[in-house]
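The sequence and the model are shown first.

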Amino acid sequence: MAITYAVLLFLIFYSFQPTLSLYEDQVGLTDWHQQYIGKVKQAVFHTHKTGRKRVVVSTEDNVIATLDLRHGEIFWRHVLGHNDVVDGIDIALGKYVITLSSEGRILRAWNLPDGQMVWESSLHGPKHSKSLLLMTNVIIEKDNVVVIFSNGRLHAVSCIDGEVLWNKDFEAESLEVQKVIQPPGSNFVYVVGFAASSQFEMYQINATNGELLKHESEAFSGRFSGEVSLVSSETLVALDSTGLILLRISFHEGKISIQQTPISDLVEDSPGPAVIIPSSIMGLFTIKINAVTIFIRVIGKGKLEVVEKANHETAVGDALSLSEGQQAFALVQHAGRDIHLTVKLAHDWGGDLLKESIKMDQQRGLVHKVFINNYVRTDGSYGFRALIVMEDHSLLLLQQGTIVWSREDGLASIIDVTTSELPVERAGVSVAKVELNLFEWLKGHMLKLKGTLMLATPEDIAAIQYMRLKSSEKSKMTRDHNGFRKLLIALTRAGKLFALHTGDGRIVWSRLLQSLHKSEACQHPIGLNLSPWQVPHHHALDENPSVLVVGRCGPSSDALGILSFIDSYTGKELSSSRLVHSVAQVIPLPYTDSTEQRLHLLIDADKHAHLYPETPEAISIFRREFSNIYWYSVEDENGIIKGYALKSKCNGNVDDKFCFDARELWSIVLPSESEKIIATVTRKMNEAVHTQAKLIAADQDVMYKYVSRNLLFVATVAPKASGEIGSVTPEESWLVVYLIDTVTGCVLHRMTHHGSQGPVEAVFSENWVVYHYFNLRAHRYEMSVIEIYDQSRADNKDVWKLVVGKHNLTSPISSYSRSEVVTKSQSYFFTHSLKAIAVTSTAKGITSKQLLMGTIGDQVLALDKRFLDPRRSVNPTQAEREEGIIPLTDSLPIIPQSYITHNIRVEGLRGIITVAAKLESTTLVFAHGLDLFFTHFAPSRTYDSLTEDFSCALLLITIVALVAAIFVTWLLSQRKELQDKWR
Amino acid sequence: MAGIARLLLLVLMSTVPLFSSGSRTGFTINGRVKIPHGFGPKGFTLPGRMSNVKVILNGGQNVTFVRPDGYFSFHNIPSGTHLIEVAAMGYFFSPVRVDFSARNPGKVQAALTENRRGLSELVLEPLREEHYYEVREPFSIMSLLKSPMGLMLGFMLVVAVFMPKLVENMDAEEMRRVQEEMRGQGVPSLSGMSPGGARN
């Protein structure tokens, strides 16, 4: 008896071991990691010193990074907080990167070589304003000074330690400072701006002590508008509010003069108001009238002259100072498939320093930004390298007419992801080029065996590692037996689709969607949703699968929708359409037509349902299921949840057969003074549930999981507590969670957590929901689990009934049937903040589940669902222990080995996606944010396949040895028998 | 260096009301992240290690970075109870609860939420080091024996050694009977070992 106990204890103990863990040499076998920075806003080159040439960039995703100019790799990178938007960057003293962020409130200096933060200072001011960063060459007590204008105050900050040397307020209520200028060689700065939009103000400030030297102002009869361009250190160009008159404002030696020039005088057929493109090129500025870019030169005493009108899409870079007071600037123009990069001198339009034509991938779209940097060639002339930012957010370095490197930084802003199977491998079509021959195979296994027996030399180990990582098997372009090889199709914010191979993360194809391209009719197109459209397996195997991209023409929910259908294998846009209605919700229906196209229901802002594809067949399928289609909407600002069903064809337009009216079935109105919806979660559509029954070993009982697809989890908080942590006291905050049936609107469960608040991250799977929130009383994060069981089936445990057949197990679960559910729940403390939460999903749903949690440190932690089991108790009985119930603890354990991202950070983590592989034990996990991370994950170890380090050779050798031993013993026994007979 | 670090341990945590114009009042939280030298078996701190440390206030409301000496600060923080988390690869830090009372400016309390230990000064040290990888056990005879192949060999050995012993312990009479039987069957041949033979 004691022995069985010991064995049991051992087994239980053994099962507590982290189910997933990785050896260091297994990194990169099944996982890959890609680092991105986002769309570059500003770039500063650092190429003066010998040594590594680099470029410092800031991006729209609040990233500051330095990149290697040779290969485009990241030297270091920092991701600032989501509200810490970078306003400006520069390099100081040749060794610090200075960044101004958070609307000009935070100034930081980073060490250029390694990215260590050197100092940080906080700047405050009386009012909100534009934030400007100006690196000066003024020196105060051996300190280089950086001048910052932010929040209505001018600060001079030491570059060495970030100390504020002086500051000066610009209190005037209506003053809008536009520029801070330091004329070359002087030790004062000009602060210029508009007051009440009709007065130009100029302040001359001594840069060494902040003393006001001069203040002049000049009234203007019209009103100023928008941006300004600097054409010399004492001359500005602005536009009036009509956009028809150019204003040249000179403040030379404190005398302000405003000269007006109507644009129609310069451009004969000016079709409309102009927009100024802010720049600071000596003697030259750019305006844009509709799509035409016009370059205008300022000559001598206020004369303006148009030098060029460009009809093509043009991007203009900022000025770069060459030696002897010369300035150069770059412009990039599109001409068909090519782009023309031109570097011109500011004062001499005709003389091009550089003119190059580069073939550009059409899938990168237009050039949005260009930054140039010069170097001196061996013959003494200037060479230029240009960093360009494209419409798809990619970053390219051009030098000597070629693309030196490119970065696909569009992948830093993934909106939605779906997967697609790869083509089936057909006989005769071998995709893998290098098939290993038998000798190679044997050699590989011998090496592996050596590795196992610790006989390998360091070179052998390196060879083994190389072999494992570069296995051609994993990056083939065909389907595999285990379902590990798939295409990850990702839609990015720039409106580009990428297909990534799960084996090695390479981009198989990418396509900038023309339908999500900015146009006259559609000013701000955005992608919303990506869903599999056609997944051929039976009838239409010869066709390629396709995906559906749903977008709309603007940020508001009543903007018109866009549909686009894309071939998953080639990335070709099969068709696209502008919809005549808006898109508020996309509902994939569980029906497909004869070509395996999935029926989709698009709900518009007026609650009409539109059916796609628009075919008669789809209508006929839809008619059959007409009464079975329900959906719900959550209006989180009003606190209303509504359920709908289909009513009839649309009344208004008779011709549209695919439009249906909805009828409201139910609505739940939450009291707006006490509850505010902060999170809603449902089950994944395609989740597989293995069994409905849950065996409770302790009392030989069966519980039936309430497995319904129509359950919605809703979390609300007190409106006061919807802000940040620490803004409310525990007494005035509460968190209420609901489980709602979305067909009937019946609230199955409601629970209040007093003294708790959001943010809530939740995941719903099978019959349970796990959510994460903040407990203000304990001041810790908490995670709770709710499990929901069907009580109406509980009387099926009588065996006799089962035998006689008087059970209701075969009756389908219906939302209409009287729901007798019981819920169990439990809460635990959890250490970290969460950014995302997901659950593993496997092909058949047999494998036990693990929760995948994206922590605040941008790691993904796996936690066994058994830790979140409401049946945990402090002292589980023997039977419960056998069942695998873990003794209750107040907090959930964090086991470092179960970080599936091991020592990698998925910076800016936003979402975790799990996809079932064909192999039951394995889930494919894709985490995205700024970085991408992919790995295979086996929640209960790979029980259905041999592990990677299984040695075939050792097995063969053992078998051979056994056979040999048998043979030898047989011989020996024969001989012995013979001897016996002789005796 | 270690000595300096120890000297710097005495860190004050100051709360300075920055401005009280209008309704906005801001405090500054100053603190220090300290990763002790020689923590764990490897022994660092490598230079540049501190550059990967992030300090996060209230689950992402503010994010700041630490200076080379480990100091960090959050500016313009309203009074109330806040949570500070440290994200550093390879270390487990407990979140810290920081209370600023609005009525009594300057009064600050800080406590680790994991073990409810109060902090007299805001010096954040890792509770433990985190190792993300399993350590490969060095080659040993035991691990080889535990493998299925090892078990097979072991079983064979056991049979080869102990079976004759069992036979020895047998009755002389029974022994003879068994031997008779075996003679009747003849000597086992290798053909009987083939899978086809085994199926018969």
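The sections below describe strands, nonpolar cores, aromatic rings and one further residue.

## Basis of the report

The structure is a predicted model. Every value given here is therefore to be read as computed from that prediction.

## An open sheet in chain A

In chain A, 4 strands are arranged in the order S18-S19-S20-S21 and form an open sheet with antiparallel pairing. Strand S18 (224-232) and strand S21 (257-262) of chain A are the edge strands, each pairing on one side only. From one strand to the next, the twist averages 25°. Strands of a sheet pair through backbone hydrogen bonds, in either a parallel or an antiparallel manner.

Within this sheet, strand S19 (residues 235-240) and strand S20 (residues 245-250) of chain A run antiparallel and are joined by 5 bridges. A:Ala238 has A:Leu247, in S20(A), as its bridge partner.

## A hairpin in chain A

Strand S24 (residues 292-299) of chain A pairs with strand S25 (residues 303-310) of chain A in the antiparallel sense, over 7 bridges. The bridge partner of A:Thr293 in S25(A) is A:Ala310.

S24(A) and S25(A) form a hairpin, with 3 residues between the two strands. In the turn, A:Gly300 has a positive phi of about 45°.

## Nonpolar cores

The largest nonpolar core has 37 residues, of which A:Val57, A:Leu387 and A:Phe926 touch the most other members. When neighbours within four places in sequence are left aside, the contacts of A:Val57 include A:Ile37, A:Val40, A:Ile64, A:Leu67, A:Ile89 and A:Leu387. A:Gln42 is also one of the residues in contact with A:Val57.

Another core, of 25 residues, lies apart from the largest one. Among its residues are B:Val53, B:Leu57, B:Ile77 and B:Val98. In soluble globular proteins, nonpolar side chains tend to be buried together.

## Aromatic rings

Over all chains, a search of the whole structure finds 26 aromatic pairs. In one of them, the ring centres of A:Trp76 and A:Trp110 are 6.4 Å apart and the planes lie at 35°, so this pair is tilted. Because A:Trp76 lies in strand S5 (residues 74-79) and A:Trp110 in strand S8 (residues 106-111) of chain A, the pair ties together parts that are 34 residues apart in sequence. Both A:Trp76 and A:Trp110 are buried. A:Tyr382 and A:Phe384 form a tilted aromatic pair, with 6.5 Å from centre to centre and 40° between the planes. A:Tyr382 is partly exposed, at 23% relative accessibility, whereas A:Phe384 is buried, with a relative accessible area of 3%.

Ring pairs also link a cluster made up of A:Phe188, A:Tyr190, A:Phe194, A:Phe200, A:Phe220, A:Phe224 and A:Phe251. Charged residues are placed over rings in both chains: A:Arg54 lies over the face of A:Phe75, 4.4 Å from the ring centre, and the charged end of B:Arg32 sits over the ring of B:Tyr71, 5.3 Å from its centre.

## The setting of A:Ser575

A:Ser575 belongs to strand S42 (residues 573-582) of chain A. With a relative accessible area of 36%, A:Ser575 is partly exposed.

Neighbours within four places in sequence aside, A:Ser575 is in contact with A:Ser564 and A:Phe565. A:Glu176 is 399 residues from A:Ser575 along the chain, and their C-alpha atoms are separated by 49 Å.

Terms used:
Residues are numbered from 1 along each chain as its sequence is written. Chains are lettered from A and ligands numbered from 1 in the order in which they are written. This is a predicted model: local features need pLDDT of at least 70, side-chain atom pairs count only at pLDDT 80 or more; totals for chains, interfaces and linings use all residues. Side-chain values use heavy atoms; hydrogens and water are left out. Two strands pair if DSSP finds at least two bridges between them. Axes are lines fitted to C-alpha atoms, for helices over the stretch in contact, and angles run from 0 to 180 degrees between N-to-C directions. A nonpolar core is a set of buried Ala, Val, Leu, Ile, Met, Phe, Trp, Tyr and Cys residues joined through side-chain atoms within 4.5 Å. Buried means under 20% relative accessible area, exposed over 50%, partly exposed in between (1.4 Å probe, protein chains only). Contact means heavy atoms within 4.5 Å. Rings of Phe, Tyr and Trp (its six-membered ring) pair if their centres lie within 6.5 Å; planes under 30 degrees apart count as stacked, over 60 as edge-to-face and the rest as tilted. A charge sits over a ring if NZ of Lys or CZ of Arg is within 6 Å of the ring centre and within 35 degrees of the ring normal.
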